[in-house]
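Dear colleague,

Please find the structure below, followed by a short account of what was found in it.

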Amino acid sequence: MHPTWLIEAGVYGDEATPLLDEIRRQGMAAEVVPHQALKKGSVPVVGGHPLAADACVIGYGTFPFARLILLHHRWIPGAWCSAENLDCAAYFAYFGRYLLNHQYAIMPGVEAIRQREWLFSIFGRDEKVFVRPTSCHKLFVGRCIDRESFAAGLAPTRYDPTSPVVIAAPQPIAREWRTGRCR
């Protein structure tokens, strides 16, 4: 049995073309589907036919895309991903020297707000710091933020005072690639 691949729409752009070409070259079906096609009660259509509940499907996309497959579909293998292993707090200590932001601080967001002046004195570049949640659940979007907007940018962490964030110096980025295996 050949698996059917579901590739998340709007994420990879032209970079998905070689993957789709290779999947199809090997005789497997592949479809680019929007995130919404995986919501509870939705059934993606591939090649004009809805996928069976017990189909052999491989999902390829963002964490929320994989999470929808895991939550709402019984496909095998489906998607595999560990939110715990994708948390910066779990892997930064192992790969720290290889990270783009190899000098960083991890602390609860409310503590980061309290320590704003100190964080900017250590990590501030051009009056900005980079901040993101450690979790892949994206409580807020990681970005460079200035001193005046810092508390507002971290405001979502106030609802859970234990929500950790990463603070680091901004880095110039021309392109981004993500590789690895989630298990």
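With which side chain does the side chain of T134 make a polar contact? The partner is the side chain of D87, at 3.0 Å; a polar contact is a pair of N or O atoms within 3.5 Å, where within protein one must be able to donate a hydrogen and the other to accept it, and residues adjacent in sequence count only if both atoms are side-chain atoms.

Please note that this is a predicted model, in which local features need pLDDT of at least 70 and side-chain atom pairs count only at pLDDT 80 or more, while totals for chains, interfaces and linings use all residues. Residues are numbered from 1 along each chain as its sequence is written, and side-chain values use heavy atoms, with hydrogens and water left out.

T134 sits in the loop between β8 and β9 (143-146); helices (H or I, at least four residues) and strands (E, at least two) are DSSP runs, numbered from the N terminus. T134 has a relative accessibility of 0% and therefore counts as buried (under 20% relative accessible area; exposed is over 50% and partly exposed in between, with a 1.4 Å probe and protein chains only).

R132 belongs to strand β8 (residues 128-133). R132 is also buried, yet it has no salt bridge (a side-chain nitrogen of Lys or Arg within 4 Å of a carboxyl oxygen of Asp or Glu). D87 is the nearest side chain of opposite charge, 7.1 Å away; Lys and Arg count as positive and Asp and Glu as negative, with His and the chain ends not counted. The side chain of R132 does reach the backbone oxygen of S135, at 3.4 Å.

Aromatic pairs

There are 4 aromatic pairs in the structure; rings of Phe, Tyr and Trp (its six-membered ring) pair if their centres lie within 6.5 Å, and planes under 30 degrees apart count as stacked, over 60 as edge-to-face and the rest as tilted. One of them joins F92 and Y104: the ring centres are 4.9 Å apart and the planes stand at 75 degrees, so the pair is edge-to-face. Because F92 lies in helix α4 and Y104 in strand β7 (residues 104-108), this pair ties together parts 12 residues apart in sequence. F92 is buried, at 9% relative accessible area, whereas Y104 is partly exposed, at 25%.

Another edge-to-face pair is F120 with F150, at 5.5 Å centre to centre and 80 degrees between the planes. F120 is in helix α6 (residues 116-123) and F150 in helix α7 (residues 150-153), 30 residues apart. Both F120 and F150 are buried.

Yours sincerely
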